[in-house]
Amino acid sequence: MTPTMTMETVTVRGRRLAYADAGGPGVPVLALHGHFGRARAFAGLAAALAPEFRVIALEQRGHGLSAHADDMSPDAYVADAAAFVRATGLGPLALLGHSMGGVVAFRLAARHPELVRALIIEEAGALNRRPEVAHPVLDVRDWPRRAPTLGALRRQVEDRGIPDAGYFLESAVERPDGWGFLFDHEAMVRSQEALIGDWWPDWLATGCPALLLHGLDSFVLPTSMAREMAERRPATTLREFPGCGHWLHDDDPAGFAAAVSEFLTAL
């Protein structure tokens, strides 16, 4: 059965943010995507967790159908997400974040602990800089702005060294002058650059239950760092996924959903 999430919009902090809501009576879980991501990336998880849990996925500023912004700093993402939780009255809730969204999630918990009852962190490290992370920034400034077809857009991106452009094409739309991306190329680079740093203090600042999910083939989160994150933070469970990379929710959707469900059910 194809999972269904309804797209909605809300204005918080003077900015229009889009979000996808699975609806239903379940316990709410807020999901935050990573760089270049979309809320609908969590549709499969939402279907797997229903009806016990209701997944709401926020499209963060500058992503998807949410408004663009000059400020693409981690603090801005955190402030948006906190305001969203307050505006919707969903908190305190479990917060799930992938990659950049994971850093936003545990930083939100550190600054607004009253809004977060648990953390599910997928492929987000407490340290995001060289040499620990070889390539913290994907420079997309020379990617095409328009292409005549979706296939042509895919080919032009993959010609720039991306093995499979499918993840990025989730943000592709057809305009009157051709196919392009919803995100602003320069803004995405600024956002990635702003995420470079040492986030250990935020990771260690909270003691709520946390599930850390790591793909053993990841090129973003080193296994040694994931294990150190679990060892140093109380109430943290590490689940490692063999044969999975940075997008482990796509590489092993059933295993990912099972791990999340088990964790949430035990809270």
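Modeller: In this predicted model, a residue is called buried when its relative accessible area is under 20%.

Colleague: Which residues of β11 are buried on one side, and which on the other?

Modeller: Strand β11 is covered on both faces. One side holds Ala-210, Leu-212 and His-214, all buried.

Colleague: Why is strand β11 described as largely enclosed by the rest of the structure?

Modeller: The strand covers residues 210-215. It is largely enclosed because the buried residues number six of the six.

Colleague: Which residue of β11 is the bridge partner of Glu-122?

Modeller: Strand β6, residues 116-122, pairs with β11 in the parallel sense. Four bridges make up that pairing. In β11, the partner of Glu-122 is Leu-213.

Colleague: Which residue in β12 does His-214 stand opposite?

Modeller: Strands β11 and β12 run parallel and are joined by six bridges. β12 spans residues 236-241. Opposite His-214 stands Glu-240.

Colleague: What is the handedness of the β-α-β unit made by β11, helix α8 and β12?

Modeller: Helix α8 covers residues 223-232. Together with β11 and β12, the helix makes a unit that is right-handed.

Colleague: What radius of gyration does the protein chain have, against that of a compact globule?

Modeller: The C-alpha atoms fill a box of roughly 50 × 40 × 35 Å along the principal axes. For 267 residues, a compact globule would have a radius of gyration near 18 Å. The chain agrees with that, at 17 Å.

Colleague: What percentage of the residues in the protein chain is buried?

Modeller: The chain has ten helices and twelve strands. Of its 267 residues, the buried ones make up 55%.

Key. Residues numbered from 1 in each chain as written. Predicted model: local features only at pLDDT ≥ 70, side-chain atom pairs only at ≥ 80, totals over all residues. Heavy atoms only, no water. Buried < 20%, exposed > 50% of the residue type's maximum accessible area, 1.4 Å probe, protein only. Helix = DSSP H or I, 4+ residues; strand = E, 2+ residues; numbered from the N terminus. Pairing = 2+ DSSP bridges. Right-handed = clockwise from strand over helix to strand, strands pointing away. Rg over C-alpha atoms; globule rule 2.2 N^0.38 Å.
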